[in-house]
Amino acid sequence: MKKLSDSDIENMGRGEFYPDNRAVNRAVRAELKLGHLIPPAPVAAPRHSVLDLHNKTEEQAWDSIMALATSGTHSATVITGASGILKIKFPEWATESRLSPYIVSFRPINNGSFYVIFRWRMVIRDQ
């Protein structure tokens with residue numbers, strides 16, 4: 001990476017010097033203590049995720065599922081456990097709650113987990 005000279009920094013302050021490389025721009029801003037103005041590059045959501053809800057309360061499970069549904073992931077394996085309230089609650093949430101618009105389909109894989117397909121890149125405004 002090119003080390004910027006004092007004249008480069010001075011020209012940049014006057015708007016006469018524009019680094020064409022994002023890494024250089026980030027380094028210059030960090031050197032000028034302006035690094036917080038450049039947000040980090042977005043991380044792509046994984047195409048498939050696994051969400052294990054064992055040992056979670058209903059509220060924790062709800063928060064985890066909503067975070068996953070709004071993360072941009074396309075599909076997920078949601079493990080609820082073979083017994084307990086989450087095995088009963090998840091299908092209700094998927095069909096009759098604020099979660100339902102995010103879900104295209106879901107089906108049981110076995111006696112304690114579901115395969116879920118989410119609406120991809122869906123944006124829903126809270127009412």
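A: Strand β2 is joined to strand β4 (residues 113-118) by five bridges, and the two run antiparallel. Two strands pair if DSSP finds at least two bridges between them. Strands (E, at least two residues) and helices (H or I, at least four residues) are DSSP runs, numbered from the N terminus. In this pairing, A76 stands opposite V116 in β4.

This is a predicted model, where local features need pLDDT of at least 70, side-chain atom pairs count only at pLDDT 80 or more, and totals for chains, interfaces and linings use all residues. Residues are numbered from 1 along each chain as its sequence is written, and side-chain values use heavy atoms, with hydrogens and water left out.

Now take strand β1 (residues 48-52). Five bridges join β1 to β2, and these strands run parallel. Here V50 stands opposite T77 in β2. β1, helix α3 (residues 58-69) and β2 form a right-handed β-α-β unit. Right-handed means that, with the strands pointing away from the viewer, the path from the first strand over the helix to the second runs clockwise.

Is β2 enclosed or open? Four of the five residues of β2 (residues 75-79) are buried, so the strand is largely enclosed by the rest of the structure. Buried means under 20% relative accessible area, exposed over 50%, partly exposed in between (1.4 Å probe, protein chains only).

Back to β4, where S113 is found. S113 counts as buried, because its relative accessibility is 6%. Leaving aside neighbours within four places in sequence, S113 is in contact (heavy atoms within 4.5 Å) with residues including T77, V78 and I79.
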